[in-house]
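This briefing covers a sheet and the packing of helices. Please look over the sequence and the structure before reading on.

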Amino acid sequence: MSTQYWHEFLTPYSQAVDELVLKFNNLKNQAMTLGENSPIESVRGRVKTISSILEKINKYGIEVDEMEERILDIAGIRIICQFVEDIYEVADMIHERDGRDLTVVKVKNYLAGEDRSTLQTGQGHPKASGYQSYHLIIKYPVFCALGYKEVFVEIQIRTLAMNFWSIIEHSLSYKYKEKLPDDLKSRLMSAADNVITLDREMSEIRGEIQSAQRLFKMKSSVVNTILDYIDDLYKLNQVDKAVEYEQFFAELSAQEDIVQLIFLKKELEAEISRIQNE
Ligand code: 0O2
């Protein structure tokens, strides 16, 4: 198979990955703009390497003309969440799109505990290795220079803790293939149990964590607005006032007093509008 063949074969997958990463990142950014906690922490996409595809072909005895139908993770999206609850929220968001811009073909729930998705029922189970994640196989339509095509995409949704475990386990399994030493296996199993415990602990203090994160975001947005207003004062030739407000801002920042910062922002807003209306 020539390089040109692979290039043409992989192009629609690559486009599907680019489009889906953009769509999920937009959802994340829109939630943040609205001042909400996004269930999506980060999104990554990849097209399987040619060598990994060839490995899979050999492992499962797949013919070249069967690749499209039998290798379902040539295009892969990984969505990382902070909390297990977020995984189900993202899964629901994807199920809601079923029949719109994508088609859900298969769901594999490798999460411990009952399925909390509102659109999907059943019980999740970690894999024998201890692996936890929520997988969806979707069909996604792409229009590229080579024409219209529907490709399979695997979406993996998991927490930061599950992702850490999975990356470590994947590296070790890659090194040892099928022969992972028993000692490592049992350490990984125990680490997998710790991942479940850690995620549960974090879920229990989720409200507290999210309100701290909202406060942090609000403070950074207030600070940015204040700095923009001080810049506006300079542009309006109000140098003395700008310097005065800069000093006041420095004092309040040192005190880390968010309420006073909000008052300062309002005061600057009123001041600028007064100057502009003079
Ligand atoms: P890579 O290198 O990440 O792409 P399949 O093997 O995909 O034909 P299967 O096993 O039924 O069919 O699919 P499953 O279980 O949904 O696994 C698909 C992907 O999930 C894997 O792709 C891994 O990325 C991940 N995964 C599944 N099980 C494990 C596990 O025990 N440990 C880790 N670390 N990851 C796992 P690939 O192609 O195996 O690997």
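Is the crossing of H7 and H9 left-handed or right-handed? The crossing of H7 and H9 is left-handed (the near helix is turned anticlockwise from the far one by less than a right angle; clockwise would be right-handed). The model is predicted, with local features needing pLDDT of at least 70 and side-chain atom pairs pLDDT 80 or more, while totals for chains, interfaces and linings use all residues. Residues are numbered from 1 along each chain as its sequence is written, and side-chain values use heavy atoms, without hydrogens and water.

**Helix pair**

**Sheet**
- An open sheet of 5 strands has the order E1-E2-E5-E4-E3, with mixed pairing (two strands pair if DSSP finds at least two bridges between them).
- Strand E1 (42–47) and strand E3 (103–109) are the edge strands, each pairing on one side only.
- Strand E4 (residues 134–144) pairs with strand E5 (residues 147–159) in the antiparallel sense over 11 bridges.
- Val 142 has Lys 149 in E5 as its bridge partner.

Conventions: Helix = DSSP H or I, 4+ residues; strand = E, 2+ residues; numbered from the N terminus.
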